[in-house]
Amino acid sequence: MRARIEEQTRLLAFAQEWYFNKQGEYASTLASLSQVFATGPGVTITIREADAQSWSAQIEFGGTTCTLIHSVSTGSVTECR
């Protein structure tokens, strides 16, 4: 389970950086990332916030929920429960 969440976290972060490089801000919807990112089977991802400085998302898989927060100024943090 943990490996699937870590994989989705890396892929989502890559997709957000790709979008940022094109648009100058982070994507606020998964649909905006569809050219380079697709949610894995059984995984639910919700982008909670996104702007030109940061983004946050929630990833759920197999009873585990992780919150991801990325900020240009402070870096990335992931918390799972």
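In what order do the four strands of the open sheet run, and is their pairing parallel or antiparallel? The order is S1-S2-S3-S4, and the pairing is antiparallel. Keep in mind as you look around that this is a predicted model.

Let's start with the overall plan. As for dimensions, the C-alpha trace spans about 35 × 25 × 15 Å along its principal axes. A compact globule with 81 residues would have a radius of gyration near 12 Å, and the protein agrees with that, since its own value is 12 Å.

Now back to the sheet. Strands in a sheet pair through backbone hydrogen bonds, in either a parallel or an antiparallel way. Here, strand S1 (44-50) and strand S4 (75-80) stand at the edges. Each of these edge strands has a single partner, so one side of each is left without a neighbour in the sheet. Going from one strand to the next, the twist averages 15 degrees.

What packs on this sheet? Helix H1 (residues 2-23) does, and it touches S1, S2, S3 and S4. The direction of H1 makes about 155 degrees with that of S2.

Let's walk across the strands. S1 and S2 run antiparallel and are joined by six bridges, with a hairpin of three residues leading from S1 to S2. To find your place in this pair, look for Thr46, which stands opposite Gln58 in S2. Next come strand S2 (residues 54-61) and strand S3 (residues 64-71), which pair in the antiparallel sense over eight bridges. A handy landmark here is Ser54, which sits opposite Ser71 in S3.

There is another link to look for, and this one is made by side chains. The structure holds one disulfide, formed by Cys66 and Cys80, whose sulfur atoms are 1.9 Å apart. Cys66 lies in strand S3 and Cys80 in strand S4, so the pair ties together parts that are 14 residues apart in sequence. In general terms, a disulfide is a covalent bond between the sulfur atoms of two cysteines. This disulfide is right-handed, because the torsion about the S-S bond of Cys66 and Cys80 is about 110 degrees.

Are the two cysteines buried or exposed? Cys66 counts as buried, because its relative accessibility is 0% and the cut-off is under 20%. Cys80 has a relative accessible area of 31%, so this residue is partly exposed.

For a look away from the strands, find Gly42, in the loop between H1 and S1. Gly42 counts as exposed, because its relative accessibility is 61% and the cut-off is over 50%. Leaving aside residues up to four places away in sequence, Gly42 touches Glu60 and Phe61. Gly42 and Ile5 are 37 residues apart in sequence, and their C-alpha atoms are 11 Å apart in space.

Finally, step back to the whole protein. Of its 81 residues, 33% count as buried. The accessible surface comes to about 4800 Å², and 49% of it belongs to carbon and sulfur atoms. Among the contacts with a separation of 6 or more, 33% are between residues 24 or more positions apart.

Key. Residues are numbered from 1 along each chain as its sequence is written. This is a predicted model: local features need pLDDT of at least 70, side-chain atom pairs count only at pLDDT 80 or more; totals for chains, interfaces and linings use all residues. Side-chain values use heavy atoms; hydrogens and water are left out. Two strands pair if DSSP finds at least two bridges between them. Helices (H or I, at least four residues) and strands (E, at least two) are DSSP runs, numbered from the N terminus. Axes are lines fitted to C-alpha atoms, for helices over the stretch in contact, and angles run from 0 to 180 degrees between N-to-C directions. Contact means heavy atoms within 4.5 Å. A disulfide is a pair of cysteine sulfur atoms within 2.5 Å. Buried means under 20% relative accessible area, exposed over 50%, partly exposed in between (1.4 Å probe, protein chains only). The radius of gyration is taken over C-alpha atoms; the globule rule is 2.2 Å times the number of residues to the power 0.38. Accessible areas come from the Shrake-Rupley method with a 1.4 Å probe; for residues, only the protein chains shown count as cover.
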